[in-house]
Amino acid sequence: MNPHPSSCSNGRSIRTRFARRFLRALKKIGSKGSSSRPSPRDISWRCRRVKIAADASMASAVGPRRVWSRTMLNMLRSRSHACLHASRLGNSRRPGADRHAVGKRKRLVLKRKLPNRLGLNQVNQLRRLVPGGEAMDLDILLDETAHYIKCLATQVKVMRSIVDYCSA
Amino acid sequence: MSSRRSRSRQSGGSRITDDQINDLVSKLQQVLPELRNRRSDKVSAARVLQETCNYIRNLHKEADDLSDRLSELLETTDGTSAQAEIIRSLLTQ
């Protein structure tokens, strides 16, 4: 029997793991606010924290067994360290905007021969959208993308459920 | 990890076969709500990739919008008691 977790893991467990982590993070963020009127700066701080919490909770729920989640965990870790030392946090919330933080190895990957029917433009776009995509071989990229999309869709579903619940 | 490159490939090459690509592209197609009901031989690989990029961008945007909404709600909601309820309702879906 294969002791390693299968690559297509149980979707429901990812959803639960994400939901637990995310709710825990939301609770922490919510408790930090002052009960009196928050300033615009407080609001934007909180908004940023929620976005980061969503990404971090999903990446951590998936764990290091996927390239994209590993990349995201590393990025979040290095960003939080940078935050401690720098006074200014950049506005790049999404992996696609933070390309310089991803490893610079394997630049050659863009020059490799692609089956023409795939469209180089689309593949390059995809590389920028998937965390760690720049350095992946094409087959890994396609496989990771499918998993990334499943997890993103789960993330959105759970977030929507929470919003619906809290707005009721 | 070197295992990423070697295991499933033919000996001596880092060449990815067309069949592998076809498999992966149709697997991707199944994940896309726009295309999953179409037959995979009717949808071009380039189309699948384009839809994939669009879909990811949409999901990113939705997640951002929901984050905005959640950060507003955090001001008014007491998160502590709601947590267990939310998990319970999520698990029964």
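**Helix packing in chain A**

Modeller: Helix 2 (residues 40–62) of chain A and helix 5 (residues 138–167) of chain A pack at an angle of about 125°, their axes lying 11 Å apart. This is a predicted model, in which local features need pLDDT of at least 70 and side-chain atom pairs count only at pLDDT 80 or more. Residues are numbered from 1 along each chain as its sequence is written.

Biologist: Why are helix 2 of chain A and helix 5 of chain A called oblique to each other?

Modeller: Angles under 35 degrees count as roughly parallel, over 145 as roughly antiparallel, 65 to 115 as roughly perpendicular and the rest as oblique. The angle here is about 125°, and helix 2 of chain A and helix 5 of chain A are therefore oblique.

Biologist: Which residues of helix 2 of chain A and helix 5 of chain A meet?

Modeller: With contact taken as heavy atoms within 4.5 Å, A54(A), D55(A), M58(A) and V62(A) in helix 2 of chain A meet H147(A), C151(A), T154(A), Q155(A) and M159(A) in helix 5 of chain A. By class, this contact of helix 2 with helix 5 of chain A has five nonpolar, three polar and one charged residues.

Biologist: What makes helix 1 of chain A and helix 2 of chain A roughly antiparallel?

Modeller: The axes of helix 1 (residues 11–32) of chain A and helix 2 of chain A cross at roughly 155° and come within 8 Å, and the two helices are therefore roughly antiparallel to each other. The residues of the contact between helix 1 of chain A and helix 2 of chain A divide into 13 nonpolar, two polar and five charged.

Methods
Chains lettered and ligands numbered in written order. Heavy atoms only, no water. Axes fitted to C-alpha atoms, helices over the stretch in contact; angles between N-to-C directions. Helix = DSSP H or I, 4+ residues; strand = E, 2+ residues; numbered from the N terminus. Nonpolar A, V, L, I, M, F, W, Y, C, P; charged D, E, K, R; others polar.
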